[in-house]
Amino acid sequence: MLADQLGGILDRLPGTQKTLIQRASVVGDTFWESSLRFPAPALGSDAVALGQLQAQGWVGQHDESAFLGDLEYGFVNHMVRESAYKGLTRRRRSEEHYRVA
């Protein structure tokens, strides 16, 4: 099944990339830079990982954002987001939902 294959590929991403894509999956099909970095004030080295996810074709930056001064991104398709979300443990999923709420 394609979803299982995507999940396997996502599981093999380097740590920071995997963390970011899973964190973004909790927000939804569309997410913002601030939703990835909260509670830290800046992405720091995570910005490199986000750029790598873009270069690999997992996510893309939108031309416009719903929030002024906050870059908006989206998953290339719903299956990628769903696979990343399903890769979270129940505990981690709960923690991430609490973080973005």
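This is a predicted model: local features need pLDDT of at least 70, side-chain atom pairs count only at pLDDT 80 or more; totals for chains, interfaces and linings use all residues.

Student: How many aromatic pairs does a search of the whole structure find?

Tutor: Rings of Phe, Tyr and Trp (its six-membered ring) pair if their centres lie within 6.5 Å, and planes under 30 degrees apart count as stacked, over 60 as edge-to-face and the rest as tilted. By that rule the whole structure holds three aromatic pairs. In one of them, Phe31 and Phe75 have ring centres 5.4 Å apart and planes at 55°, so this pair is tilted. Helices (H or I, at least four residues) and strands (E, at least two) are DSSP runs, numbered from the N terminus. In these terms the pair links distant parts of the chain, with Phe31 in strand E1 (residues 30–32) and Phe75 in strand E3 (residues 72–75), 44 residues apart.

Student: Are Phe31 and Phe75 buried or exposed?

Tutor: Buried means under 20% relative accessible area, exposed over 50%, and partly exposed in between (1.4 Å probe, protein chains only). Both Phe31 and Phe75 are buried. Ring pairs also link Phe31, Tyr73 and Phe75 into a cluster.

Student: How are the rings of Trp32 and Phe67 placed?

Tutor: Their centres are 5.1 Å apart and their planes stand at 75°, so the pair of Trp32 and Phe67 is edge-to-face. Trp32 belongs to strand E1, and Phe67 to the loop between strand E2 (59–61) and E3, so the pair ties together parts 35 residues apart in sequence. Trp32 is buried at 18% relative accessible area, whereas Phe67, at 47% relative accessibility, is partly exposed.

Student: Which residues are buried in helix H4?

Tutor: An α-helix has 3.6 residues a turn, so residues three or four places apart point the same way. In helix H4 (residues 46–55), the residues Ala49, Leu50 and Leu53 are buried. They cover an arc of only 100° around the axis (taken from the directions from the helix axis to the C-beta atoms), which puts them on the same side of H4. The exposed residues Val48 and Ala55 are carried by the face of H4 turned away from its buried side.

Student: What do the buried residues of H4 pack against?

Tutor: Taking contact to mean heavy atoms within 4.5 Å, they pack against helix H2 (15–27), E1, helix H3 (33–37), E2 and E3.

Student: Which residues does Gln17 touch?

Tutor: Gln17 is found in helix H2 and counts as buried at 4% relative accessibility. Not counting residues up to four places away in sequence, Gln17 touches Ala49, Gln52, Leu53 and Gln56. A polar contact is a pair of N or O atoms within 3.5 Å; within protein, one must be able to donate a hydrogen and the other to accept it, and residues adjacent in sequence count only if both atoms are side-chain atoms. The side chain of Gln17 makes such a contact of 2.8 Å with the side chain of Gln52, and another of 3.3 Å with that of Gln56.

Student: Where is Gln22, and is it buried or exposed?

Tutor: Gln22 is also in helix H2 and is buried, at 6% relative accessibility. A polar atom of its side chain lies 3.4 Å from the backbone oxygen of Gly87.

Terms used:
Residues are numbered from 1 along each chain as its sequence is written. Side-chain values use heavy atoms; hydrogens and water are left out.
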